[in-house]
Amino acid sequence: MATSSSHAPPQDLERATSYAPIPEGPPRQQPPPPRSTKKLYASILFSSFLLLSLLVLINNNNNQLEPSPLASSPARPLTEQPSRGAVQGVSEKGSRRVGGVELSFAWTNVMLSWQRTAYHFQPQRNWMNDPNGPLYHKGWYHLFYQYNADAAVWGNITWGHAVSKDLIHWLHLPFAMVPDQWYDINGVWTGSATILPDGRIIMLYTGDTNDVVQVQCLAYPANLSDPLLIDWVKDPSNPVLTPPPGIGSKDFRDPTTAWLSPGGDRWRITIGSKVNTTGISMVYETEDFVKYELLDGYLHEVAGTGMWECIDFYPVSVTAENGLDTSVNGAGVKHVMKASLDDDKNDYYAIGTYDPIANKWTPDNPVLDVGIGLRYDYGKYYASKTFYDQNTQRRILWGWIRETDAEELDILKGWSCVQSIPRTVVFDKKTGSNLLQWPVEEVEKLRSHTSVDFNGVKLGPGSIVPIKVDSPSQLDIIASFEVDKDAIFETGANETESSYDCPTSGGAASRGKLGPFGIIVLADDGLSESTPIYFYIVKGANGTTETHFCADELRSSKAADVDKIVYGSTVPVLHGEKLSIRSLVDHSIVESFAQGGRTVISSRIYPTAANGSSGRVFLFNNATGVSVTASIKIWKMDSADIRPFPFDQQQL
């Protein structure tokens, strides 16, 4: 382990598709005396060699670079794709298809095999989507999920089932429920679990009938004394709910976990739908989960947001760090309303106040209402579901992360989609306006015993520093950045953009006075492929600054058969806070958390050169007018043990 302070050799990232340096960059600075030894010297030597090897001729007349021969090809245009799911009335599940008849890149088995994650949950093969009914029972965490046992594309939706002692290592169990009744023959769709005070477990889920009508169904474990909950019974009263008047037969799905009514003798659930283009949340009340009463009005509605899927509704404490059971309400409690928007396939949430007497939830800030404000994740993340972990008093969040490559590639691989690393969810008491999401602490058990550490690394404008790490495909990275405050103060509002937007910014190659700067993951030696995760600061006319957190996929792969997008949004930064990033790198997925989880981005990455042992990590500062001091700590991550349950063994 090395702890060092260094000035990086200058390398300019200005608008270069391969991050080629410009010769007239800032003069090279001599590093201060190192606090440690070999690792830092090796890093500096490697960086110098990298710069010499990458020098190219440029035409800088208009501050533009000529296209580099190493530039990655753009994503090919989409062609007509087979619709998967939309006909049945759920969000589109088809993946992108490439233009032309064949794939444009010569993918190898080694490349495709590398893409499979090592410590994210996924089945052994085939398609997976929404997480369903997560719960904790008799020492085991249970995860159910939408699964196609027949292919690596959506269809024949069954409930897969896995159990874990720690949310990281998983054992696959037999299917919990299959589409075998008239009311769910077209799919056992998304549902939620409720644990009653006497320990009984209620599972409500959406079934798609033989007439393609969405109905709500009831199931429960056949044997509550079984810690594995292997066998499930569908209630003979099914379906227990059908679409009410005024609601479309394909617009009635995804019941939530139930919570107690004010009298404490009845239970309430909410189900998403739409009226014209207004997203709505309907509330039903029940005593026995078989007979229901639809309450007047809506729990909430937002015009123009379209169909609300996979609604989640739960309390958060504004004073304590622990999570809350779904039925908790009262002083010191806010309620989170989350909806997955069918129109744009993103998960939006808002924080507000729940009045159970009036059956109304009101957002604290109407500007940040559901569907028009905050998102759980600004990358590829959808159909999420939380549960209350009564074992550790945590609110834990699961989310579905789909593929962004061509469907043909998923079929070649034989699998498609992963679940996110489970995240804890708490109210951000410092800002009072957002949630904090953070990987569950159990994932840290996968960290190597030693880490790579560098502190006080000086990054001048246009500089980049390689960080030597083993196994760059499986990493846990924590980095912090201190920006030269004097430079920010001296920067006039007219010297930075009046506004900035990650998706339309052009990525990390587009330079500004105060950004971008951050880390680069899954890069090759020549930076022909790279994925920067970075901050970008904009200074307004009134002198205030706004910080953006972005993930740039534009040069993540040379292949044209994958999506390449810049994701991101603003992130609140309070006075005196350093800028911080935590990134979990696991082969083709990178989950990144800014400022302790105020803003999160999940990226799917499909490199052709920057995979395996050839992958690299860098610190960089591509701003033109500010220096940054960085510190970074990197752990290699072991693989999780995810396999079929060993029924032939007496004990695990």
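**The disulfide and the buried interior**

C502 and C550 are joined by a disulfide, with an S to S distance of 2.1 Å; the term covers a pair of cysteine sulfur atoms within 2.5 Å. In general, a disulfide is a covalent bond between the sulfur atoms of two cysteines. A search of the whole structure turns up one disulfide. The pair ties together distant parts of the chain, 48 residues apart: C502 sits in the loop between α4 (485-490) and β28 (517-523), while C550 belongs to strand β30 (residues 545-552). Helices (H or I, at least four residues) and strands (E, at least two) are DSSP runs, numbered from the N terminus. The torsion about the S-S bond of C502 and C550 is about -60°, so this disulfide is left-handed.

A word on where this comes from: this is a predicted model, in which local features need pLDDT of at least 70 and side-chain atom pairs count only at pLDDT 80 or more, while totals for chains, interfaces and linings use all residues. Residues are numbered from 1 along each chain as its sequence is written, and side-chain values use heavy atoms, leaving out hydrogens and water.

Are the two cysteines buried or exposed? C502 counts as buried because its relative accessibility is 1%, and C550 is buried at 0%. Here buried means under 20% relative accessible area, exposed over 50% and partly exposed in between (1.4 Å probe, protein chains only). Two further cysteines are buried: C310, with a relative accessible area of 6%, and C417, at 1% relative accessibility.

Now to the nonpolar interior. A nonpolar core is a set of buried Ala, Val, Leu, Ile, Met, Phe, Trp, Tyr and Cys residues joined through side-chain atoms within 4.5 Å. The largest one has 43 residues, and I467, F481 and I519 have the most contacts inside it. Strand β27 (residues 474-483) supplies the largest share of this core, five residues. Apart from it lies another core, of 24 residues, including Y141, Y145, I396 and I421. Leaving out residues up to four places away in sequence, I467 touches V452, F454, V617, F618, L619, I632 and I634; contact means heavy atoms within 4.5 Å.

One last stop is T326, in the loop between β14 (308-317) and β15 (333-341). T326 is buried, at 8% relative accessibility. Beyond its neighbours within four places in sequence, T326 is in contact with T257, A258, W259, F313, P315 and R395.
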